[in-house]
Amino acid sequence: MRTRATSPACPPRCARPLTCSSSRHSHAKSSETKWSITTRTPHASRLPPTTLRSPIGRGSVALNASKTPQQRGEHAPIIGITSYLEQAQTGVWDVRASFLPQVYIKAVTDAGGIVVVLPPQPASAEVAEAIVSRLDGIILSGGADIDPARYGQDAHDRTGAPRSDRDDFEAALLDAALAIELPFLGICRGAQLLNVERGGNLIQHLPDVVGDDRYQIGGGVFNPIDVEVDAGSRIAEVLGDDRGARAHLYHHQGIGEIGEGLTVTSRTADGIPESIELADHPFGIAVQWHPEENEQDRRLFAGLVSAARDYRTARSQTPDAEPREQS
(Lines give C-alpha, C1' and ligand atoms only; values in the text may rest on other atoms or scores of the structure.)
Protein backbone atom coordinates (compact mmCIF):
# COMPACT_ATOMS: atom_id res chain seq x y z
CA MET A 1 0.00 0.00 0.00
CA ARG A 2 1.39 3.31 -1.00
CA THR A 3 0.99 6.23 1.38
CA ARG A 4 1.72 9.86 0.68
CA ALA A 5 1.28 12.87 2.94
CA THR A 6 0.97 16.29 1.41
CA SER A 7 0.58 19.84 2.62
CA PRO A 8 -1.11 22.77 0.89
CA ALA A 9 1.82 25.06 1.51
CA CYS A 10 5.43 24.26 0.75
CA PRO A 11 7.69 27.14 1.76
CA PRO A 12 11.09 26.24 3.18
CA ARG A 13 10.54 25.20 6.76
CA CYS A 14 11.85 23.11 9.57
CA ALA A 15 10.19 19.90 8.45
CA ARG A 16 10.83 16.58 6.88
CA PRO A 17 10.01 16.83 3.19
CA LEU A 18 7.14 14.36 3.17
CA THR A 19 4.98 16.83 5.07
CA CYS A 20 5.13 19.51 2.41
CA SER A 21 6.16 17.84 -0.80
CA SER A 22 5.67 14.64 -2.65
CA SER A 23 9.25 14.77 -3.87
CA ARG A 24 11.63 12.08 -2.74
CA HIS A 25 14.82 12.69 -0.86
CA SER A 26 17.96 10.91 0.12
CA HIS A 27 17.29 9.56 2.48
CA ALA A 28 -12.81 -1.15 30.75
CA LYS A 29 -12.87 -1.72 33.47
CA SER A 30 -10.77 -4.45 35.03
CA SER A 31 -12.18 -7.96 34.75
CA GLU A 32 -13.30 -9.46 38.05
CA THR A 33 -12.90 -13.00 36.70
CA LYS A 34 -10.25 -15.14 38.33
CA TRP A 35 -8.20 -16.81 35.68
CA SER A 36 -4.76 -18.07 34.87
CA ILE A 37 -2.92 -18.78 31.69
CA THR A 38 0.20 -20.85 31.28
CA THR A 39 2.24 -20.31 28.16
CA ARG A 40 4.89 -22.78 27.10
CA THR A 41 7.88 -22.21 24.92
CA PRO A 42 9.26 -24.66 22.34
CA HIS A 43 11.15 -27.68 23.69
CA ALA A 44 14.41 -25.85 23.10
CA SER A 45 13.64 -23.84 26.24
CA ARG A 46 13.73 -25.98 29.42
CA LEU A 47 13.24 -23.11 31.82
CA PRO A 48 10.19 -23.38 34.12
CA PRO A 49 7.45 -20.82 33.73
CA THR A 50 7.30 -17.98 36.22
CA THR A 51 3.89 -16.94 37.50
CA LEU A 52 3.25 -13.19 37.81
CA ARG A 53 0.17 -11.22 38.77
CA SER A 54 -2.00 -10.55 35.78
CA PRO A 55 -1.96 -6.96 34.54
CA ILE A 56 -5.78 -7.17 34.39
CA GLY A 57 -8.33 -8.86 36.62
CA ARG A 58 -7.25 -10.86 39.67
CA GLY A 59 -5.65 -13.82 38.00
CA SER A 60 -2.10 -14.65 37.15
CA VAL A 61 -0.12 -15.07 34.00
CA ALA A 62 2.74 -17.49 33.61
CA LEU A 63 5.59 -15.91 31.70
CA ASN A 64 8.63 -17.86 30.68
CA ALA A 65 11.61 -16.89 32.80
CA SER A 66 13.76 -16.76 29.70
CA LYS A 67 12.18 -13.40 28.81
CA THR A 68 14.26 -10.47 30.00
CA PRO A 69 12.67 -7.44 31.69
CA GLN A 70 13.48 -5.47 28.54
CA GLN A 71 11.58 -7.98 26.39
CA ARG A 72 8.58 -7.63 28.72
CA GLY A 73 8.89 -3.85 28.52
CA GLU A 74 9.15 -3.54 32.30
CA HIS A 75 11.96 -1.00 32.32
CA ALA A 76 11.36 0.76 29.02
CA PRO A 77 10.26 4.36 29.59
CA ILE A 78 7.36 5.78 27.60
CA ILE A 79 8.34 8.68 25.36
CA GLY A 80 5.69 10.85 23.75
CA ILE A 81 6.53 12.39 20.37
CA THR A 82 4.49 15.24 18.93
CA SER A 83 3.40 14.75 15.34
CA TYR A 84 2.20 16.47 12.22
CA LEU A 85 -1.42 16.78 11.08
CA GLU A 86 -1.39 16.64 7.28
CA GLN A 87 -3.48 15.75 4.28
CA ALA A 88 -2.58 12.13 3.56
CA GLN A 89 -3.35 9.71 0.76
CA THR A 90 -3.46 5.95 1.22
CA GLY A 91 -5.38 3.60 -1.02
CA VAL A 92 -8.70 5.23 -1.88
CA TRP A 93 -8.49 7.67 1.05
CA ASP A 94 -7.44 11.29 0.94
CA VAL A 95 -7.93 12.63 4.47
CA ARG A 96 -6.38 14.70 7.23
CA ALA A 97 -4.24 12.35 9.29
CA SER A 98 -1.69 12.24 12.06
CA PHE A 99 1.74 11.78 10.55
CA LEU A 100 5.21 11.20 11.98
CA PRO A 101 8.31 10.08 10.07
CA GLN A 102 9.40 6.63 11.19
CA VAL A 103 12.95 7.80 11.84
CA TYR A 104 11.77 9.51 15.04
CA ILE A 105 10.19 6.29 16.29
CA LYS A 106 13.20 4.18 15.40
CA ALA A 107 15.58 6.58 17.13
CA VAL A 108 13.70 6.18 20.41
CA THR A 109 13.21 2.42 20.16
CA ASP A 110 16.87 1.98 19.25
CA ALA A 111 17.67 3.72 22.54
CA GLY A 112 15.35 1.42 24.51
CA GLY A 113 12.22 3.57 24.78
CA ILE A 114 8.57 2.97 23.93
CA VAL A 115 6.95 5.54 21.66
CA VAL A 116 3.51 7.13 21.97
CA VAL A 117 2.59 9.49 19.14
CA LEU A 118 0.89 12.74 20.15
CA PRO A 119 -1.11 14.32 17.29
CA PRO A 120 -2.33 17.92 17.45
CA GLN A 121 -5.65 18.15 19.28
CA PRO A 122 -7.61 20.60 21.44
CA ALA A 123 -5.85 20.74 24.79
CA SER A 124 -6.59 22.82 27.85
CA ALA A 125 -3.97 23.07 30.57
CA GLU A 126 -5.77 20.25 32.37
CA VAL A 127 -5.71 18.01 29.30
CA ALA A 128 -2.03 18.72 28.73
CA GLU A 129 -1.29 17.86 32.36
CA ALA A 130 -3.19 14.59 31.99
CA ILE A 131 -1.15 13.68 28.91
CA VAL A 132 2.30 14.40 30.32
CA SER A 133 1.47 12.73 33.64
CA ARG A 134 1.34 9.44 31.74
CA LEU A 135 4.71 9.92 30.06
CA ASP A 136 8.30 9.44 31.21
CA GLY A 137 9.71 11.81 28.60
CA ILE A 138 8.67 13.86 25.59
CA ILE A 139 10.07 14.92 22.24
CA LEU A 140 8.85 18.03 20.45
CA SER A 141 9.47 17.07 16.83
CA GLY A 142 10.24 19.10 13.73
CA GLY A 143 7.64 20.55 11.42
CA ALA A 144 6.02 23.69 10.07
CA ASP A 145 6.94 27.26 10.98
CA ILE A 146 5.62 28.67 14.25
CA ASP A 147 3.11 31.51 13.91
CA PRO A 148 5.16 34.74 14.22
CA ALA A 149 2.29 36.30 16.15
CA ARG A 150 3.38 34.16 19.09
CA TYR A 151 6.55 36.25 19.32
CA GLY A 152 5.12 39.57 18.26
CA GLN A 153 6.18 39.75 14.62
CA ASP A 154 4.45 39.98 11.26
CA ALA A 155 4.97 37.05 8.94
CA HIS A 156 7.89 37.09 6.52
CA ASP A 157 7.07 36.37 2.88
CA ARG A 158 8.82 33.00 3.23
CA THR A 159 7.17 32.00 6.52
CA GLY A 160 4.69 29.16 6.21
CA ALA A 161 0.98 29.46 6.89
CA PRO A 162 0.14 29.34 10.62
CA ARG A 163 -0.54 25.95 12.16
CA SER A 164 -2.34 27.20 15.27
CA ASP A 165 -3.64 23.75 16.19
CA ARG A 166 -0.14 22.40 16.56
CA ASP A 167 1.33 25.56 18.09
CA ASP A 168 -1.36 25.66 20.81
CA PHE A 169 -1.19 21.93 21.55
CA GLU A 170 2.57 21.74 21.82
CA ALA A 171 2.84 24.94 23.85
CA ALA A 172 0.38 23.46 26.37
CA LEU A 173 2.34 20.21 26.49
CA LEU A 174 5.59 22.09 26.98
CA ASP A 175 4.21 24.17 29.85
CA ALA A 176 2.84 21.03 31.54
CA ALA A 177 6.10 19.13 31.00
CA LEU A 178 8.21 21.93 32.47
CA ALA A 179 5.92 22.16 35.51
CA ILE A 180 6.65 18.54 36.48
CA GLU A 181 10.28 18.54 35.24
CA LEU A 182 9.53 15.88 32.64
CA PRO A 183 12.63 15.11 30.55
CA PHE A 184 12.27 16.61 27.09
CA LEU A 185 14.15 16.90 23.83
CA GLY A 186 13.25 19.57 21.29
CA ILE A 187 14.14 18.95 17.65
CA CYS A 188 14.29 21.79 15.11
CA ARG A 189 10.79 23.30 15.40
CA GLY A 190 10.79 21.93 18.97
CA ALA A 191 13.85 24.02 19.81
CA GLN A 192 12.25 27.08 18.26
CA LEU A 193 9.01 26.53 20.20
CA LEU A 194 10.94 26.26 23.45
CA ASN A 195 12.66 29.55 22.76
CA VAL A 196 9.42 31.31 21.78
CA GLU A 197 7.49 30.03 24.80
CA ARG A 198 10.26 31.31 27.04
CA GLY A 199 9.87 34.80 25.60
CA GLY A 200 12.46 34.65 22.81
CA ASN A 201 11.93 35.11 19.08
CA LEU A 202 13.02 33.67 15.75
CA ILE A 203 14.88 34.77 12.66
CA GLN A 204 12.16 34.06 10.14
CA HIS A 205 14.37 33.50 7.10
CA LEU A 206 18.04 32.73 7.62
CA PRO A 207 19.15 33.51 4.02
CA ASP A 208 18.39 37.16 4.83
CA VAL A 209 21.11 36.96 7.48
CA VAL A 210 23.71 34.54 6.10
CA GLY A 211 23.21 35.21 2.38
CA ASP A 212 22.40 31.72 1.12
CA ASP A 213 20.35 28.55 1.69
CA ARG A 214 22.99 26.51 3.50
CA TYR A 215 20.69 25.83 6.46
CA GLN A 216 17.98 24.41 4.21
CA ILE A 217 19.22 23.56 0.77
CA GLY A 218 15.80 22.19 -0.23
CA GLY A 219 14.58 19.14 -2.08
CA GLY A 220 14.35 17.16 1.13
CA VAL A 221 18.14 16.95 1.35
CA PHE A 222 19.65 17.50 4.77
CA ASN A 223 22.89 19.47 4.93
CA PRO A 224 25.23 17.82 7.47
CA ILE A 225 27.72 20.00 9.30
CA ASP A 226 29.94 19.44 12.32
CA VAL A 227 29.05 21.18 15.58
CA GLU A 228 30.76 21.15 18.95
CA VAL A 229 28.79 21.85 22.11
CA ASP A 230 30.13 23.85 25.04
CA ALA A 231 32.00 22.05 27.80
CA GLY A 232 30.12 21.88 31.07
CA SER A 233 26.69 21.94 29.43
CA ARG A 234 24.01 19.31 29.94
CA ILE A 235 24.20 18.29 26.30
CA ALA A 236 27.98 17.90 26.61
CA GLU A 237 27.38 15.49 29.49
CA VAL A 238 25.01 13.52 27.27
CA LEU A 239 27.41 13.42 24.33
CA GLY A 240 30.29 12.26 26.52
CA ASP A 241 34.00 12.53 25.79
CA ASP A 242 33.38 13.61 22.20
CA ARG A 243 31.49 16.91 22.33
CA GLY A 244 31.19 16.96 18.55
CA ALA A 245 28.14 15.90 16.58
CA ARG A 246 27.26 15.56 12.92
CA ALA A 247 24.30 17.91 12.62
CA HIS A 248 21.81 17.31 9.80
CA LEU A 249 20.35 20.72 8.99
CA TYR A 250 16.98 21.51 7.43
CA HIS A 251 15.74 24.78 8.93
CA HIS A 252 15.22 28.03 7.06
CA GLN A 253 14.41 29.77 10.34
CA GLY A 254 16.64 30.15 13.37
CA ILE A 255 16.68 31.08 17.02
CA GLY A 256 16.95 34.84 17.47
CA GLU A 257 16.75 36.54 20.85
CA ILE A 258 17.21 33.93 23.55
CA GLY A 259 14.30 33.15 25.87
CA GLU A 260 14.35 33.41 29.64
CA GLY A 261 16.34 30.75 31.46
CA LEU A 262 17.82 29.33 28.25
CA THR A 263 21.50 28.89 27.49
CA VAL A 264 22.98 28.56 24.01
CA THR A 265 25.32 25.57 24.00
CA SER A 266 26.53 25.58 20.39
CA ARG A 267 26.65 27.96 17.43
CA THR A 268 27.61 27.66 13.79
CA ALA A 269 30.40 29.68 12.24
CA ASP A 270 27.70 32.22 11.31
CA GLY A 271 26.77 32.63 14.97
CA ILE A 272 23.41 30.86 14.58
CA PRO A 273 22.46 28.87 17.73
CA GLU A 274 22.22 25.15 17.02
CA SER A 275 21.49 23.93 20.55
CA ILE A 276 19.94 25.42 23.67
CA GLU A 277 19.04 24.08 27.06
CA LEU A 278 17.00 25.08 30.10
CA ALA A 279 19.42 25.63 32.95
CA ASP A 280 17.05 24.86 35.82
CA HIS A 281 15.59 21.70 34.28
CA PRO A 282 17.10 18.23 34.94
CA PHE A 283 16.92 17.30 31.23
CA GLY A 284 15.69 20.11 28.99
CA ILE A 285 17.72 19.99 25.77
CA ALA A 286 16.82 21.24 22.31
CA VAL A 287 18.71 21.23 19.01
CA GLN A 288 18.08 22.93 15.67
CA TRP A 289 19.40 19.95 13.76
CA HIS A 290 17.75 16.57 13.11
CA PRO A 291 19.50 13.89 15.22
CA GLU A 292 16.89 11.32 14.20
CA GLU A 293 18.49 11.32 10.74
CA ASN A 294 21.82 10.04 12.07
CA GLU A 295 21.43 6.33 12.73
CA GLN A 296 25.10 6.07 13.70
CA ASP A 297 24.71 8.52 16.60
CA ARG A 298 21.89 7.89 19.06
CA ARG A 299 23.49 9.71 22.02
CA LEU A 300 20.78 12.34 22.43
CA PHE A 301 18.02 9.73 22.36
CA ALA A 302 19.93 7.43 24.72
CA GLY A 303 20.35 10.38 27.06
CA LEU A 304 16.65 11.18 26.96
CA VAL A 305 15.63 7.54 27.54
CA SER A 306 18.07 7.25 30.45
CA ALA A 307 16.74 10.47 32.01
CA ALA A 308 13.16 9.26 31.45
CA ARG A 309 13.94 5.97 33.18
CA ASP A 310 15.43 7.82 36.16
CA TYR A 311 12.42 10.16 36.21
CA ARG A 312 9.98 7.26 36.37
CA THR A 313 11.96 5.56 39.14
CA ALA A 314 12.11 8.74 41.20
CA ARG A 315 8.40 9.37 40.73
CA SER A 316 7.52 5.82 41.81
CA GLN A 317 9.49 6.35 45.02
CA THR A 318 7.76 9.61 45.88
CA PRO A 319 5.00 8.92 48.44
CA ASP A 320 2.70 11.71 47.28
CA ALA A 321 3.17 11.03 43.56
CA GLU A 322 -0.11 10.48 41.75
CA PRO A 323 -0.29 6.90 40.43
CA ARG A 324 -1.03 6.33 36.80
CA GLU A 325 -4.54 5.18 36.02
CA GLN A 326 -4.68 1.55 34.98
CA SER A 327 -7.07 0.39 32.32
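How accessible is arginine 243: buried, exposed or partly exposed? I looked it up in this predicted model and found a relative accessibility of 27%, so arginine 243 counts as partly exposed. Its side chain meets that of glutamate 228 in a salt bridge, 3.4 Å from N to O. Arginine 243 sits in the loop between α7 (234-239) and β13 (244-249) and glutamate 228 in strand β12 (residues 223-228), so the pair ties together parts that are 15 residues apart in sequence. Glutamate 228 counts as exposed, at 52%.

Next I turned to aspartate 110, which is partly exposed at 40% relative accessible area. Aspartate 110 forms a salt bridge with lysine 106 at 3.0 Å, N to O. The two are four residues apart in helix α2 (residues 102-110), so about one helical turn separates them.

A salt bridge also joins aspartate 110 to arginine 298, at 3.2 Å, N to O. Arginine 298 lies in the loop between β17 and α8 (299-316), so this pair links parts 188 residues apart in sequence. Arginine 298 has 15% relative accessibility and counts as buried.

For the whole structure, my search gave 17 salt bridges.

Last, I checked strand β10 (residues 184-187). Phe184 and Gly186 point one way, Leu185 and Ile187 the other, and all are buried. β10 pairs in the parallel sense with strand β9 (residues 137-140) over three bridges. The chain gets from β9 to β10 through helix α4 (residues 164-179), in a right-handed β-α-β crossover. With strand β17 (residues 284-287), β10 pairs in the parallel sense over four bridges, and isoleucine 187 stands opposite valine 287 there.

Notes
Residues are numbered from 1 along each chain as its sequence is written. This is a predicted model: local features need pLDDT of at least 70, side-chain atom pairs count only at pLDDT 80 or more; totals for chains, interfaces and linings use all residues. Side-chain values use heavy atoms; hydrogens and water are left out. Buried means under 20% relative accessible area, exposed over 50%, partly exposed in between (1.4 Å probe, protein chains only). Two strands pair if DSSP finds at least two bridges between them. A crossover is right-handed if, with the strands pointing away from the viewer, the path from the first strand over the helix to the second runs clockwise. A salt bridge is a side-chain nitrogen of Lys or Arg within 4 Å of a carboxyl oxygen of Asp or Glu.
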